[in-house]
Amino acid sequence: PENCLVRASGHIVLADFGISRRLEGGEGLPPPASATGGGTASMEQQQQEERERRRHGHSLGGAHTLVGTPGYMAPEVISLIHSPERSVEYSLPVDWWALGVMIHLLLTLEEALEHEEIIQLLRVSPDQAASRTRECLSLELSLEARGLVSRLLVFDPSRRLGTAGGAAEVRAHPFFASIDWERLRNLELQPPLRSSRSRKESAFL
């Protein structure tokens, strides 16, 4: 959340990409309207296109570097701490784990899993880890929110929401059913909160 900044208009911008890796072709983003005859491609089309990119080798290669904010590190990154030879690889799914952590934190002001608990769950089967993760989710979450977070906080990255279908798969979750993604991207939706400061008093965003 510290890297989510609020414009004077109330819209969100992301900051601090110092250790990020650039993806070719804007993978995971909805296509611009001009590329789809004035509208957006269907979720099914976007998911299929992202699968095709992965099949032809246009996905992010495996990484080995231990980087990231501890509270948001996916299990496969944390496992590097216990792998001196750095034989463990991780890729795009680490970002979907971090999204799950952030959504839970924003909705409840609590972390779903503590760092030490993740280390403990790395020693059990993926199904046991999934069961324990669901138990740790806050009861304050709505049914849709619990479903989303539980599918993002999956220890097996191959089964994590977003791994197969990218951002289109995540956007298609019922939790986001009320969002018009095209209008959101074009900053046409009215933000629920707006800064009380004037544009001149706000940061230059």
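The largest nonpolar core of this predicted model has 31 residues, and Trp-97, Leu-113, Leu-153 and Phe-155 have the most contacts inside it. By nonpolar core I mean a set of buried Ala, Val, Leu, Ile, Met, Phe, Trp, Tyr and Cys residues joined through side-chain atoms within 4.5 Å. Buried stands for under 20% relative accessible area, exposed for over 50%, and partly exposed for what lies in between, with a 1.4 Å probe and protein chains only. In soluble globular proteins, nonpolar side chains tend to be buried together.

At least two residues of this core come from each of α2 (75–78), α3 (93–108), α4 (115–121), α5 (126–136), α6 (143–152) and α7 (166–171). The largest share, six residues, is supplied by α3. Helices here are DSSP runs of H or I with at least four residues, numbered from the N terminus. Leaving aside residues up to four places away in sequence, Leu-153 touches Trp-97, Gly-100, Val-101, Ala-112, Thr-133 and Leu-137; a contact means heavy atoms within 4.5 Å.

Residues are numbered from 1 along each chain as its sequence is written, and side-chain values use heavy atoms, with hydrogens and water left out.

I turn now to the aromatic rings. Rings of Phe, Tyr and Trp (its six-membered ring) pair if their centres lie within 6.5 Å; planes under 30 degrees apart are stacked, over 60 edge-to-face, and the rest tilted. The count under this rule is three aromatic pairs. Why is the pair of Phe-175 and Phe-176 edge-to-face? Their planes stand at 80°, with the ring centres 5.0 Å apart. Phe-176 and Trp-181 are also an edge-to-face pair, because their planes lie at 65° and their centres are 5.4 Å apart. Phe-175, Phe-176 and Trp-181 form one aromatic cluster. Within it, Phe-176 is buried at 12% relative accessible area, whereas Phe-175 is partly exposed at 28% and Trp-181 partly exposed at 25%.

Finally, confidence. pLDDT is the predictor's confidence in each residue, from 0 to 100. The protein has a mean pLDDT of 76, and 65% of its residues reach 70 or more. Where is confidence lowest, and where highest? It is lowest in helix α1 (residues 43–55), at a mean of 53, and highest in α6, at 95.
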